[in-house]
Amino acid sequence: VVNDTLVLRGKVYQVFAEHSLVILPGDPRFKIGVKIESVPGRQFVLEGQGFQQLVIDNFPSVLEVKPGDRVYTASASLIAPRNILVGRIGEILQGAEASRAGDKLRLEPIAYESFPRFVWVLIWHD
């Protein structure tokens, strides 16, 4: 079951006695397994490319997606529980802007302004 009220906003990178460092989506060190709502049964790697740029590289051209499709964390992801909203597909790059292996999907992260208010941060651990 997906839950659009939970949104992934980062990944804990280092933990110290008094604070932690978090990598925000868009950071080049940010990588996570994701699924796309319109492509059941498949999982992909979402990577940050700086300045809040999130992309899925090498997306198979034979699969159909459209701008606005929601992207969620996948069950194979090691850093987040599954079915947490990451963003929406913003742009599908083909041809010269993609790779030989497939298309490139550029995501739009969920804007902070779209939340009624930012109340808490959930830290998920085993």
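Are Phe-44 and Phe-59 buried or exposed? Both of them are buried, and the close-ups below, taken from a predicted model, start with this pair.

**View 1. Phe-44 and Phe-59 form an aromatic pair.** The count of such pairs here comes to one. The two rings are tilted, with 5.0 Å from centre to centre and 45° between the planes. Phe-44 belongs to strand 5 (residues 44-48) and Phe-59 to strand 6 (residues 54-59), so the pair links distant parts of the chain, 15 residues apart. Once again, both residues are buried.

**View 2. Arg-29 meets Tyr-13 and Asp-27.** The charged end of Arg-29 sits over the ring of Tyr-13, 4.7 Å from the ring's centre. Arg-29 also has a salt bridge with Asp-27, at 2.8 Å from N to O. With a relative accessibility of 44%, Arg-29 counts as partly exposed.

**View 3. Lys-31 and Glu-47 join up in a salt bridge.** Their closest N and O atoms are 3.6 Å apart. Lys-31 lies in strand 4 (residues 31-36) and Glu-47 in strand 5, so this pair ties together parts that are 16 residues apart in sequence. Lys-31 is partly exposed at 44% relative accessibility, and Glu-47 is partly exposed too, at 24%.

**View 4. Glu-91 and Arg-106 make another of the six salt bridges.** Here the closest N and O atoms are 3.1 Å apart. Glu-91 sits in strand 8 (residues 84-93) and Arg-106 in strand 9 (residues 103-109), and the pair links these distant parts of the chain, 15 residues apart. Glu-91 is partly exposed, with a relative accessible area of 34%; Arg-106 is partly exposed as well, with 25%.

Notes: Residues numbered from 1 in each chain as written. Predicted model: local features only at pLDDT ≥ 70, side-chain atom pairs only at ≥ 80, totals over all residues. Heavy atoms only, no water. Phe/Tyr/Trp six-rings, centres within 6.5 Å; stacked < 30°, edge-to-face > 60°. Helix = DSSP H or I, 4+ residues; strand = E, 2+ residues; numbered from the N terminus. Buried < 20%, exposed > 50% of the residue type's maximum accessible area, 1.4 Å probe, protein only. Lys NZ or Arg CZ within 6 Å of the ring centre and 35° of its normal. Salt bridge = Lys/Arg side-chain N within 4 Å of Asp/Glu carboxyl O.
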